[in-house]
Amino acid sequence: MVDSRGALAQDGRRAERLELRVPITAMQLPAVRAMAGDLAIRMDYDLDSVEDLRLAVDEACATLVSVAQGDVPLTVVFETTRTGLHIEAWVPTAAGTDVPRDGFGWAVLATLVDAVEGRPSTQSEVPGGNGSGDAVAVIAMDKYLPGQRPAEMAGGAGQNLSVAR
């Protein structure tokens with residue numbers, strides 16, 4: 001579903017939203033990766049950034065599959081804006097389930113995008129949710145276009161990963 005009724009961006013363009021809901025199967029998850037790559041190419045990201053987004057979406061999907069409750073669909077919402085691409089992926093979970101953020105996969109994910117957050121939530125709080133209080137696990141990430149990084153992230157603030165020597 002494409003939703004172009006979003007708020008106007010500062011440059012007068014509307015943010016567009018695409019919602020993809022797929023079964024959690026090995027046959028369907030590549031469609032999510034392909035959608036991320038296609039959107040990134042259409043938004044004029046460079047080839048390295050396109051591949052970063054594909055890998056980030058793969059990692060987010062794999063992380064969410066590990067906490068999904070039973071045979072449920074994975075929902076991924078892509079929002080294109082003048083500053084870049086915002087992606088929120090979520091799956092229904094058991095109440096109290098959190099997104100694992102302590103492994104190597106999460107560290108890789110954090111290096112591939114400009115901002116990432118994992119959290120528990122409810123269907124009423126996520127884009128594309130059914131409005132109920134049922135539990136979900138969410139991974140939200142942003143990849144900014146060159147020169148569009150928010151002011152608070154420019155100049156070194158924001159996400160930093162360091163390795164002790």
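Where does Ala31 sit? Ala31 has its place in helix α1, one of three helices that go with six strands in this protein. Helices here are DSSP runs of H or I with at least four residues, strands are runs of E with at least two, and both are numbered from the N terminus. Keep in mind that this is a predicted model: local features need pLDDT of at least 70, side-chain atom pairs count only at pLDDT 80 or more, and totals for chains, interfaces and linings use all residues. Residues are numbered from 1 along each chain as its sequence is written, and side-chain values use heavy atoms, with hydrogens and water left out.

**The whole chain**

- Going along the sequence, you get the pattern β-β-α-α-β-β-α-β-β.
- The protein has 165 residues, and 41% of them count as buried; buried means under 20% relative accessible area, exposed means over 50%, and partly exposed is in between (1.4 Å probe, protein chains only).
- Take the contacts (heavy atoms within 4.5 Å) between residues at least 6 apart in sequence: 62% of them join residues at least 24 apart.

**The second largest pocket**

- This pocket holds about 160 Å³ of space. A pocket is an open set of points on a 1 Å grid over the protein atoms alone, where a 1.4 Å probe fits and protein lies on both sides within 12 Å along at least five of seven lines. Grid points are joined across faces, edges and corners, and the volume is the space filled by probe spheres set on the points.
- Eleven residues line the second largest pocket, and Glu16, Leu18, Leu39, Arg42 and Thr80 lie nearest its centre; a lining residue has an atom within 4 Å of a point.
- β2 (16-23), α1 (29-42) and β3 (73-80) each give at least two residues to that lining, and α1 has the largest share with four residues.
- Sorted by class, the lining has six nonpolar, one polar and four charged residues. Ala, Val, Leu, Ile, Met, Phe, Trp, Tyr, Cys and Pro count as nonpolar, Asp, Glu, Lys and Arg as charged, and the others, Gly among them, as polar.

- Thr80 lies in strand β3 and is buried because its relative accessible area is 17%.
- Leaving out neighbours within four places in sequence, Thr80 is in contact with Ala15, Glu16, Leu39, Met43 and Leu85.
- Thr80 and Ala40 are 40 residues apart along the chain, with their C-alpha atoms separated by 9.2 Å.

**In and after helix α1**

- Back to Ala31: it counts as partly exposed because its relative accessibility is 34%. The C-alpha atoms of Ala31 and Leu20, eleven residues apart along the chain, are separated by 9.0 Å.
- Asp44 lies in the loop between α1 and α2 (47-65), and at 64% relative accessibility it counts as exposed.
- Asp44 isn't a glycine, yet it has a positive phi of about 70°.
- Along the chain, Asp44 and Leu145 are 101 residues apart, but 8.2 Å separates their C-alpha atoms.

- Thr122 has its place in strand β5, and its side chain makes a polar contact with the side chain of Ser124 at 2.9 Å. A polar contact is a pair of N or O atoms within 3.5 Å; within protein, one must be able to donate a hydrogen and the other to accept it, and residues adjacent in sequence count only if both atoms are side-chain atoms.
- Setting aside residues up to four places away in sequence, Thr122 touches Ser132, Gly133, Asp134 and Val136.
- Gln123 is in the loop between β5 (115-122) and β6 (135-144); this residue counts as buried because its relative accessibility is 8%.
- The Gln123 side chain reaches the backbone nitrogen of Asn130 at 2.9 Å.
- With residues up to four places away not counted, Gln123 touches Trp90, Pro92, Gly129, Asn130, Gly131, Ser132, Asp134 and Val136.
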